[in-house]
Amino acid sequence: MTELKSRDKSGFSDVRRAARLSVAPMMDWTDQHCRYMHRLLSREVLLYTEMVTAPALVRGGALHLLAHDPLEYPLALQLGGSDLDELVTATRLGADAGYNEINLNCGCPSDRVQSGAFGAVLMQRPDLVADCVAAMCAAVDVEITVKCRIGVDAQKPQDVLPDFLQKISNAGCRRVTIHARKAWLQGLSPKENRDIPPLDYEIVHQMKADFPDLHISVNGGITTLAEAKAHLDRGLDGVMIGRAAYHQPGDVLRAADPEIFGTGEFSDPIDVARQMLPYIERHLSQGGRLHQVTRHMLGLFAGRPGARQWRRTLSEGAHRDSAGPALVETALAAISE
Ligand SMILES: Cc1cc2nc3c(=O)[nH]c(=O)nc-3n(C[C@H](O)[C@H](O)[C@H](O)COP(=O)(O)O)c2cc1C
């Protein structure tokens, strides 16, 4: 596969094309193994890492968090942070590591993230976010993007969101993904914050009308390519899908290239499972465990005959010390039959 890199400071780049459909950053889910499989399902979609905090990279020296395979490109690194110097250093590390985009997280509501003064609390600090974006843009040629909510707590989205977008756009951000619901910073778990605050897609469409030059992707509650297409047809530039892409990758990603990008063909999840075998061999030969990879493969055949047996074989067997690619072959027999 060819390597796609964004080196276009105007932001109109290969990665921008890929942003027509992206898989959301998801902690503990969109790790390297997961992304590798997603890339086998779709050549075109934009993939995101889990959030990596700037302090972990800069103060903690956790450079292993940047590890990825060039096959995953186009690939965005999502950073969490709000300290300018740290973010700039982390952004440089990400660009040097080869990422095609660096994304700043302004949407994550967890306590741990709030205490570090980043994530969704940054919706209350648009000037600080703009300073961060400007410093990150100045530091690298890779495109800097933002993922945000429509507001937090008692904020009025129709007031704060345009102000937020104007400020980050003035600072050099040309592309933003908006999770179309508020985050409630007190009293809800991060999981509840992905379901309970109501979705408001209309305000995202309104922002596209108000900021026609900004590339705007919508995120939140979108579960099918048909829904994604409806948003694109109405004029949004991109759609980001999280949980549905993870739980039903065989539905959401296998058809993405022909249906969203007008290229390529439907991928076959059986082929993808087989293509994962050499990857698994490599992972095991480096001391990894089978379940670390196969836990992301459980949903590959969701909704298809044999899916339950596939899941059961993998979940029951993959933790065993001796478990290897043969277990995946055994699990596949339930599907192929
Ligand atoms: C397990 C999990 C972990 C998540 N981790 C992150 C994260 O690291 N950074 C982030 O911006 N959003 C994170 N999110 C939120 C998703 O990116 C996305 O905004 C949210 O799930 C709504 O999209 P969906 O309805 O398509 O899933 C996470 C979501 C899930 C389910």
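Okay, let's start with a word I'll need: a residue is buried if 20 or more other C-beta atoms lie within 10 Å of its own, exposed if 12 or fewer, and partly exposed in between, with C-beta atoms placed from the backbone. By that count, 47% of the 337 residues of the protein chain are buried.

Before I go on, this is a predicted model, so local features need pLDDT of at least 70 and side-chain atom pairs count only at pLDDT 80 or more, while totals for chains, interfaces and linings use all residues. Residues are numbered from 1 along each chain as its sequence is written.

Now the overall build. The chain has 16 helices and eight strands; those are DSSP runs, H or I of at least four residues for helices and E of at least two for strands, numbered from the N terminus. Its C-alpha trace spans about 55 × 45 × 45 Å along the principal axes.

On to the domains. An automatic or database domain assignment sets the bounds, and we get domain 1 (14-261) and domain 2 (269-336). Taken over C-alpha atoms, their centres are 29 Å apart.

So where do they touch? Two residues are in contact if their C-beta atoms, placed from the backbone, lie within 7 Å. Domain 1 puts 13 residues into the contact and domain 2 puts in 14. On the domain 1 side, helix H2 (32-41), helix H10 (243-247) and helix H11 (249-252) are the elements giving two or more residues.
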